[in-house]
Amino acid sequence: MAEESLRQAQKMEAVGQLTGGIAHDFNNMLQGVIGGLAMARRQIGGGHPERAARYLDAAHGAAERSAGLTRRLLAFARRQRLDPRPVDADGLVAGLADLIRRTVGPGIAVELRLRDGAGVVLCDPNELESALVNLCINARDAMPEGGRLAIGTEEVRLSAADIPKGEAPPGTYVAVSVVDTGMGMPPEVLDRVFEPFFTTKPQGQGTGLGLSQVYGFVRQSGGLVRIESAPGRGTTVRLLLPLHEGVAVAEGPRPSPSVPNGLNGTVLLVDDEEAVRGSAADRLRELGLTVLEARDGPEALRVLASVWPDLLVTDVGLPNGMNGRQVAEAARERVRDLPVLFITGYAGTALPPGMEVIGKPFELDTLARRVEAILQAEGQRNDRDPVA
Ligand code: ADP
Ligand code: MG
């Protein structure tokens, strides 16, 4: 348990550092959304709706970028440890580059040196990301006046002679390295860097947990950490992770099938946020569905008094005394086994059968596909078990 809390503290160290760096960028992106929408409205108001599309696209792009950032922060902060799985080292580093650039700031030039085909490693991708972020934050702190930061990957063969203490078997490893041109470390610091809570930074700036997270993660993944550093000569940290013979699990969005139109059925949609509810309702109506809208639990109950919907789509956090779960329970008292789709900004926990979650922010097409899949599955189920 103590180990678990230490691990969590180590991870939160990275999250804390990231959040500070990102809040500012986040505001910039939101400004892009607000500005784009305002300009689109002006063009429409000025009688040039055809000119609005460009601004709407810009707003949409900015909103998607902010969604990407929050997804990353949540992935970092997630408490549970994911199991090790095959990870494409190059892909992971490339995916993290944007976040790292934002975190180290404009004074530090970030360069990627990805040796194409530096292969697949078996590890927990979230932990590997945390490790890289911790290393890059250390590099940033070592270069207060700016400098260069290079992140590289390559495949290396280690013989028994390369691994003096026999800490790992000889074989092929993927080296992920972080190189900075910063102040470097004297030997007495270098000797202690992996100790939890060892820091040379002023109170409030360092926790001494960064490199202990890196070390713990790499050893657990069957690898080695090598550090070369000298005062005034910069620092190179290399994570050597055993090459995994296998194919990486693809991550990220998959190409989505097209959404056929022409469903029928009735959806009760509950969300207190007008902009969210309105756009979602319109998109679902395009599918051919009848959509009844409610702003909160009590309003939803009034609708349920006269209509039996085929699906309830509800926000989890709602005002006026009932949360989404309570709305779902009340709805199921009236319509037995009513399928429920929650929309929420929180990660889902275990849900009762027939209840699903879609995370905010979502694309309207994604919502449409989920609703469609649920209604189709429901239709088949009802075909099989006609109500007596
Ligand atoms: P923290 O960053 O909170 O101090 P870490 O475990 O990440 O904790 O690092 C421990 C210490 O190692 C740092 O305080 C610093 O003295 C030294 N260090 C780590 N990385 C570097 C680096 N890239 N350049 C110079 N010193 C470093
Ligand atoms: Mg650190």
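A: Let's begin with a pair of strands: β10 (residues 311–315) and β11 (residues 340–344) run parallel and are joined by four bridges. Keep in mind as we go that this is a predicted model. To find the pair on your screen, look for Val313, whose bridge partner in β11 is Leu341. As a general point, the strands of a sheet pair through backbone hydrogen bonds, in either a parallel or an antiparallel way.

Now step back from the pair to the sheet around it. Five strands make up this open sheet, in the order β9-β8-β10-β11-β12, and the pairing is parallel. Follow that order to its ends and you reach β9 (290–294) and β12 (355–359), the edge strands. Each of them has a single partner strand, so one side of each is left without a neighbour in the sheet. The sheet is also twisted, by an average of 20 degrees from one strand to the next. Packed on this sheet is helix α7 (residues 274–286), which touches β8 (266–270) and β9. The direction of α7 makes about 165 degrees with that of β9.

Asn320 is not a glycine, yet its phi is positive, at about 70 degrees. The other loop lies between β12 and α10 (364–384), and Pro361 has its place there. Lys360 and Pro361 are joined by a cis peptide bond, with omega about -5 degrees. For background, most residues other than glycine have a negative phi, and most peptide bonds are trans.

The mention of α9 brings us to a helix pair. Helix α8 (residues 297–304) packs against helix α9 (residues 324–334) with the axes 10 Å apart and an angle of about 10 degrees. Angles under 35 degrees count as roughly parallel, and α8 and α9 are therefore roughly parallel to each other. Their crossing is right-handed. On the α8 side the residues in contact are Gly297, Ala300, Leu301 and Leu304, and they meet Val327, Ala330, Ala331 and Arg334 of α9. Sorted by class, this contact has six nonpolar residues, one polar and one charged.

Let's now carry the same way of looking to another open sheet. It has five strands in the order β2-β4-β5-β7-β6, and here the pairing is mixed. The edges are β2 (108–114) and β6 (224–229); each has a single partner strand, so one side of each is without a neighbour in the sheet. Neighbouring strands in this sheet are turned by 15 degrees against each other on average, direction ignored. At one end of the order, β2 pairs with β4 (residues 147–158) in the parallel sense over seven bridges. Within that pairing, Leu114 stands opposite Thr153 in β4.

Helix α6 (residues 210–220) lies across β6 and β7 (235–242), at about 140 degrees to β6. Tyr215 of this helix takes part in an aromatic pair with Phe194, which lies in the loop between α5 (187–190) and α6, so the pair ties together parts that are 21 residues apart in sequence. The two rings are tilted, 4.8 Å centre to centre and with 35 degrees between their planes.

Helix α6 also packs with α4, at about 145 degrees and with the axes 9 Å apart, in a left-handed crossing. Among the α4 residues in this contact are Leu128, Ala131 and Leu135, and the α6 residues include Leu211, Val214 and Phe217. By class, the contact has six nonpolar, five polar and one charged residues.

Finally, α4 (residues 125–141) has a contact with α3 (residues 89–104): their axes come within 10 Å and cross at roughly 35 degrees, and this crossing is right-handed. From α3, Leu92, Leu96 and Ile100 are among the residues that take part, and from α4 they include Leu128, Leu132 and Ile137. This contact has 11 nonpolar, one polar and two charged residues.

Note on methods:
Residues are numbered from 1 along each chain as its sequence is written. Chains are lettered from A and ligands numbered from 1 in the order in which they are written. This is a predicted model: local features need pLDDT of at least 70, side-chain atom pairs count only at pLDDT 80 or more; totals for chains, interfaces and linings use all residues. Side-chain values use heavy atoms; hydrogens and water are left out. Two strands pair if DSSP finds at least two bridges between them. Helices (H or I, at least four residues) and strands (E, at least two) are DSSP runs, numbered from the N terminus. Axes are lines fitted to C-alpha atoms, for helices over the stretch in contact, and angles run from 0 to 180 degrees between N-to-C directions. Contact means heavy atoms within 4.5 Å. Angles under 35 degrees count as roughly parallel, over 145 as roughly antiparallel, 65 to 115 as roughly perpendicular and the rest as oblique. A crossing is left-handed if the near helix is turned anticlockwise from the far one by less than a right angle, and right-handed if clockwise. Ala, Val, Leu, Ile, Met, Phe, Trp, Tyr, Cys and Pro count as nonpolar, Asp, Glu, Lys and Arg as charged, and the others, Gly among them, as polar. Rings of Phe, Tyr and Trp (its six-membered ring) pair if their centres lie within 6.5 Å; planes under 30 degrees apart count as stacked, over 60 as edge-to-face and the rest as tilted.
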